[in-house]
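Q: I have a sequence and a model open side by side. Can you show me how to read the features?

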Amino acid sequence: MDTTTTLTKNQPRGYLIALIGTFIWSTTAILIRHLTNQWHLPPIILAFWRDFFVFLILGAVLWFSRRSLLFASRSTFLYLLVYGLVLAVFNFTWTLSVYYNGAAVSTVLAYSSAAFTAVLGWRFLDESLGGAKILAVVFSLVGCILVSGAASVSAWALNPLGIVTGLISGLAFAIYSLFGRQASRRGIPSMTTLTYTFGTAACFLLLFNMIEIPGYSGIRHLFWLGNSLSGWGFLFLLAIGPTIGGYGLYTVSLGYLPASVANLIATLEPALTAVQAYLFLGERMTPTQFVGSFLILSGVVVLRWSEQR
């Protein structure tokens with residue numbers, strides 16, 4: 001049996017794994033929203049503990065299984081240090097976006113990263129920018145304006161931080177994706193990349209927490225959850241579930257499916273998040289936001305289609 005026949009035979013399994021991974025991924029914003037609503041956990045503290053727990057788990061796994069992946073050259077370490085700073089900015093702005101915009105809207109806005117990635121890849125990595133990518137960029141930008149309410153003056157008056165952080169999170173994730181491509185080109189193992197970036201991101205977020213902000217006492221509130229076992233449990237679940245579990249299953253699905261197919265399945269995340277946000281958080285998107293969401297996801301689909309061609 002040749003490789004093509006084997007892949008075709010295993011595709012149903014790949015679809016199932018990719019769907020489960022995407023569903024687990026889609027709970028990210030739900031868990032963040034629950035933590036900020038139930039325990040009023042400041043976004044910057046939440047982002048720190050999430051990255052720290054992910055680093056501890058990945059570091060322990062590598063230490064007991066493939067310890068050699070924990071060692072990196074000086075140039076690789078410096079590269080991953082900058083990469084970790086980008087991840088810290090993304091995780092903080094993404095968490096802040098969930099806090100201000102809600103789970104559904106923030107997830108859709110994060111998907112604007114596909115358009116930003118296409119433009120930045122063309123500008124800095126000499127990647128092509130054809131008609132399909134330009135169309136995807138237009139869809140994404142218009143969709144972002146509609147979803148965030150950036151076209152409305154009243155929205156800027158009522159929720160300026162929500163609009164700004166939502167758009168910055170998409171841009172930050174695009175830059176994070178470009179760093180990931182470069183890491184792959186450098187031949188850095190993905191587990192090494194994840195462990196170092198989440199570790200350095202946690203360090204940067206710890207430094208950010210030391211900054212005194214009016215109304216927030218910084219590092220003194222690092223253990224905000226105190227002795228709340230359920231709060232710490234949800235925080236740990238956020239790290240091990242959507243962050244590690246979702247990514248892990250998605251990576252496994254790539255062994256059964258073409259990358260373009262797995263990527264398209266991953267675009268179900270905003271829809272799954274919106275359904276869960278409606279069922280568990282009572283969030284509702286306006287008709288305008290639904291149209292914007294459709295445009296953003298259409299842009300992602302166009303990009304995946306162009307990449308497949």
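Predicted model: local features only at pLDDT ≥ 70, side-chain atom pairs only at ≥ 80, totals over all residues.

Q: Which residue other than glycine has a positive phi?
A: One is H40, with phi near 50°. H40 is found in the loop between helix 2 and helix 3 (43-65).

Q: Is H40 buried or exposed?
A: The cut-off for exposed is over 50% relative accessible area. H40 is at 56%, so H40 counts as exposed.

Q: How many helices and strands does the chain have?
A: The chain has 14 helices and zero strands. Read from the N terminus, the elements are α-α-α-α-α-α-α-α-α-α-α-α-α-α. Buried residues make up 50% of the 309 residues.

Q: What span should helix 9 have, and how far apart are its end C-alpha atoms?
A: Helix 9 (residues 160-185) has 26 residues. At 1.5 Å a residue, helix 9 should span 38 Å. Its end C-alpha atoms are 38 Å apart, so the two agree.

Q: Which residues of helix 9 are buried?
A: The buried residues are G162, I163, T165, G166, S169, G170, A172, A174, Y176, L178, F179 and A183.

Q: How do I read two helices that pack together?
A: Take the distance of the axes, the angle and the handedness. Start with helix 6 (residues 113-124) and helix 9. Their axes are 8 Å apart, at an angle of about 50°. Helix 6 and helix 9 are therefore oblique to each other. Their crossing is right-handed.

Q: At what angle does helix 6 pack against helix 7?
A: Helix 6 and helix 7 (residues 131-148) pack at about 135°, with their axes 8 Å apart. An angle has to be over 145 degrees to count as roughly antiparallel. Helix 6 and helix 7 are therefore oblique. The crossing of helix 6 and helix 7 is left-handed.

Q: How do helix 2 and helix 4 cross?
A: The axes of helix 2 (residues 28-38) and helix 4 come within 9 Å and cross at roughly 70°. Helix 2 and helix 4 are therefore roughly perpendicular to each other. This crossing of helix 2 and helix 4 is right-handed.

Q: How do I describe a pair of aromatic rings?
A: Give the distance of the centres and the angle of the planes. The count here comes to 19 aromatic pairs. Take F77 and Y196: their ring centres are 6.1 Å apart and their planes are at 80°, so the pair is edge-to-face. The pair links distant parts of the chain. F77 is in helix 4 (residues 74-101), Y196 is in helix 10 (residues 190-209), and they are 119 residues apart.

Q: Are F77 and Y196 buried or partly exposed?
A: F77 is at 34% relative accessibility, so F77 counts as partly exposed. Y196 has a relative accessible area of 18%, so Y196 is buried.

Q: Which kind of aromatic pair do F173 and Y176 form?
A: F173 and Y176 are stacked: 6.0 Å centre to centre, with 20° between the planes. An α-helix has 3.6 residues a turn, so residues three or four places apart point the same way. F173 and Y176 are three residues apart in helix 9, so about one helical turn separates them. F173 is partly exposed, at 28% relative accessible area. Y176 counts as buried, at 14%.

Q: Which residues do ring pairs link into a cluster?
A: The cluster holds F48, W49, F52, F53, F223, W232 and F236.

Q: Which charged residues lie over a ring?
A: Look for a charged end over a ring face. The charged end of R67 sits over the ring of W63, 3.8 Å from its centre. R186 lies over the face of Y79, at 4.1 Å from the ring centre.

Q: How far apart are L206 and A47, in sequence and in space?
A: Compare sequence separation with C-alpha distance. L206 and A47 are 159 residues apart in sequence, but 9.5 Å apart in space, C-alpha to C-alpha. L206 lies in helix 10. L206 is partly exposed, with a relative accessible area of 27%.

How values were computed:
Residues numbered from 1 in each chain as written. Heavy atoms only, no water. Helix = DSSP H or I, 4+ residues; strand = E, 2+ residues; numbered from the N terminus. Expected span 1.5 Å × (residues − 1). Buried < 20%, exposed > 50% of the residue type's maximum accessible area, 1.4 Å probe, protein only. Phe/Tyr/Trp six-rings, centres within 6.5 Å; stacked < 30°, edge-to-face > 60°. Lys NZ or Arg CZ within 6 Å of the ring centre and 35° of its normal. Axes fitted to C-alpha atoms, helices over the stretch in contact; angles between N-to-C directions. Parallel < 35°, antiparallel > 145°, perpendicular 65-115°, else oblique. Left-handed = near helix turned anticlockwise from the far one by under 90°.
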